[in-house]
Amino acid sequence: MRGQEQSNGTAQSTIRNALESALRRSDDQTVIEECRRCGTTLESVSTCPSCGGSDIVEYRIR
């Protein structure tokens, strides 16, 4: 049980750090690209390297 808590805490802090760094940008808009099949965050690719999916969604955050 303790291992799951530590693993989950690490995942949450990694996600939190990524979101905070993305949201601190000085431009008006942040774009996050994500694979709809597996949820992997991507950067300017048309096919997901994790699952091979090609259905990519863009989230625009102001």
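Which residue in β2 is the bridge partner of Glu33?

1. The structure is a predicted model. In β2, Glu33 has Leu42 as its bridge partner. Glu33 also has a partner in β3, namely Glu58. A further link to β2 comes from Glu34, whose bridge partner there is Thr41.

2. These pairings belong to an open sheet of three strands, in the order β2-β1-β3, with antiparallel pairing. The edge strands are β2, residues 41-42, and β3, residues 56-61, each of which pairs on one side only. Strands of a sheet pair through backbone hydrogen bonds, in either a parallel or an antiparallel manner.

3. Strand β1 spans residues 30-35 and is joined to β2 by two bridges, the two strands running antiparallel. Between β1 and β3, which also run antiparallel, there are six bridges.

4. The hairpin of β1 and β2 has five residues between the strands, and Gly39 in this hairpin takes a positive phi near 85°. Arg37 lies in the loop that connects β1 and β2.

5. Is Arg37 buried or exposed? Arg37 is exposed, since its relative accessible area is 61% and the cut-off for exposed is over 50%. Setting aside neighbours within four places in sequence, Arg37 is in contact with Cys51, Gly52 and Gly53. With Cys51 there is a polar approach: a polar atom of the Arg37 side chain lies 3.0 Å from the backbone oxygen of Cys51. Arg37 and Ser54 are separated by 17 residues in sequence, while their C-alpha atoms are 8.4 Å apart in space.

6. How many salt bridges does a search of the whole structure find? The search finds one. The salt bridge is formed by the side chains of Glu58 and Arg60, with an N to O distance of 2.7 Å. Side chains of opposite charge can pair when their charged atoms come close.

7. Glu58, with a relative accessible area of 40%, is partly exposed. Arg60 counts as exposed because its relative accessibility is 51%, and the class begins over 50%.

Notes. Residues are numbered from 1 along each chain as its sequence is written. This is a predicted model: local features need pLDDT of at least 70, side-chain atom pairs count only at pLDDT 80 or more; totals for chains, interfaces and linings use all residues. Side-chain values use heavy atoms; hydrogens and water are left out. A salt bridge is a side-chain nitrogen of Lys or Arg within 4 Å of a carboxyl oxygen of Asp or Glu. Buried means under 20% relative accessible area, exposed over 50%, partly exposed in between (1.4 Å probe, protein chains only). Two strands pair if DSSP finds at least two bridges between them. Helices (H or I, at least four residues) and strands (E, at least two) are DSSP runs, numbered from the N terminus. Contact means heavy atoms within 4.5 Å. A polar contact is a pair of N or O atoms within 3.5 Å; within protein, one must be able to donate a hydrogen and the other to accept it, and residues adjacent in sequence count only if both atoms are side-chain atoms.
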